[in-house]
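Notebook open. I want to go through the loops, the ligand site and the ring pairs, in that order.

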Amino acid sequence: MAVIEVEGLTKAYGDTLANEDLDFSIEAGEIFGYLGPNGAGKSTTIRQLMGFQTPTAGTARIFGNDVRNDRALRGAKARIGFLPGEPAFTPSVTGREFLDYQAELKGDERRDELLGLFTPPLDRRIREYSTGNKQMLAIVQAFMHDPDLLVMDEPTSGLDPLKQEAFHDFLRGERDHGTTVFFSSHILGEVRRVCDRVGIIRDGRLITVEIVEELLARGGKQVRLHTETPLTEAALDIDGVVGFASEGREAQFTFTGDYDALFAALADYRIVDIEIDEPPIEEVFMHFYGGDAE
Ligand SMILES: Nc1ncnc2c1ncn2[C@@H]1O[C@H](COP(=O)(O)OP(=O)(O)OP(=O)(O)O)[C@@H](O)[C@H]1O
């Protein structure tokens with residue numbers, strides 16, 4: 001069942017088409033990454049999904065509720081954990097007071113569990129918080145009522161690498177319990193590590209929606225070879241060798257072809273060492289979409 005359905009979603013700011021005729025859907029229990037460079041239109045989509053902005057054309061449904069219908073969306077929101085790109089707080093209250101207030105509005109059955117993972121200084125006033133502490137407070141707030149759907153705008157911004165890792169683990173755990181996750185990012189590595197599918201947006205248009213594993217599989221493998229006699233590109237005259245480079249007896253290339261053909265071509269060489277790795281997702285992205293992701 002689709003939890004989020006986006007249909008022809010379009011948002012114009014004057015002459016700028018921040019979102020243009022977007023179509024995609026997010027299934028229950030998947031982690032969907034919404035990837036694009038700065039200014040691509042990610043936040044605009046998220047603001048429309050949450051009902052903060054009205055689409056110029058097209059619409060979206062969350063749990064079957066049209067986002068243009070305030071009343072219907074309000075009901076759905078009880079099941080959504082929302083983390084905005086720039087969480088706003090009253091600076092004079094403490095983190096604890098803020099969470100207490102939010103708890104009255106929507107519940108907090110998972111507050112203690114979340115505070116075990118994310119550790120904002122609860123008894124200090126929010127005005128004294130660092131960016132990372134504010135982000136952790138916003139994360140606890142967004143998830144403490146145990147939502148079925150998480151909608152997040154660049155959730156790891158401001159978190160240090162260890163907290164980012166804790167957050168990714170947390171998302172995977174939520175997904176494994178059936179929670180649906182939709183988040184925007186401009187970091188390819190993050191999408192690779194945690195997402196099941198990725199939608200790539202640039203200049204307001206959705207370029208593609210891909211299963212992350214398939215995207216990586218199509219990107220081939222990175223092969224590094226150390227041979228007893230130098231390997232030449234001419235000797236590897238088979239389909240699927242991309243970016244061959246060699247220095248002495250070391251050669252490397254990306255391989256998207258058939259492994260039997262590769263090993264047949266290498267049969268005359270004594271192989272001292274071989275490494276076959278996934279290529280960096282940055283390279284896959286550049287290969288298919290011409291870069292510009294960061
Ligand atoms: N309120 C607004 N008024 C006018 N133009 C806007 C407004 N909000 C966004 N835009 C423009 O719409 C486009 C998409 O912006 P948006 O904030 O959705 O991108 P984004 O992908 O979230 O970027 P970032 O990663 O930098 O947050 C940009 O060209 C931006 O300048």
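I looked up Asp 146 and found it in the loop between α5 (131-143) and β7 (149-153). Helices here are DSSP runs of H or I with at least four residues, strands are runs of E with at least two, and both are numbered from the N terminus. This is a predicted model, so I note the limits: local features need pLDDT of at least 70, side-chain atom pairs count only at pLDDT 80 or more, and totals for chains, interfaces and linings use all residues. Residues are numbered from 1 along each chain as its sequence is written, and side-chain values use heavy atoms, with hydrogens and water left out.

Asp 146 is not a glycine, yet its phi is positive, about 60°. Most residues other than glycine have a negative phi. I checked the exposure of Asp 146 and got a relative accessible area of 35%, which is partly exposed. The classes are buried under 20%, exposed over 50% and partly exposed in between, with a 1.4 Å probe and protein chains only.

Asp 203 also went on my list. Its phi is positive at about 50°, and it is not a glycine. I placed Asp 203 in the loop between β9 (197-202) and β10 (205-211). Its relative accessibility is 54%, so Asp 203 counts as exposed.

Next, the ligand. For polar contacts I took pairs of N or O atoms within 3.5 Å. A polar side-chain atom of Thr 44 lies 2.5 Å from a ligand oxygen. A side-chain N or O atom of Glu 154 is 3.0 Å from an oxygen atom of the ligand. For Ala 40, a polar backbone atom is 3.1 Å from a ligand oxygen. The protein covers 60% of the 640 Å² of accessible area that the ligand has on its own. Those areas come from the Shrake-Rupley method with a 1.4 Å probe.

Then the rings. Rings of Phe, Tyr and Trp (its six-membered ring) pair if their centres lie within 6.5 Å; planes under 30 degrees apart are stacked, over 60 edge-to-face, the rest tilted. I count 15 aromatic pairs by this rule. In one of them, Phe 32 and Phe 182 are tilted, 5.9 Å centre to centre with 40° between the planes. Phe 32 is in strand β3 (residues 31-35) and Phe 182 in strand β8 (residues 180-185), so this pair links parts of the chain 150 residues apart. Phe 32 is buried at 0%, and Phe 182 is buried at 0% too. Ring pairs link Phe 24, Phe 32, Tyr 34 and Phe 182 into a cluster.

Methods
Polar contact = N/O pair within 3.5 Å; in protein donor to acceptor, adjacent residues only side chain to side chain.
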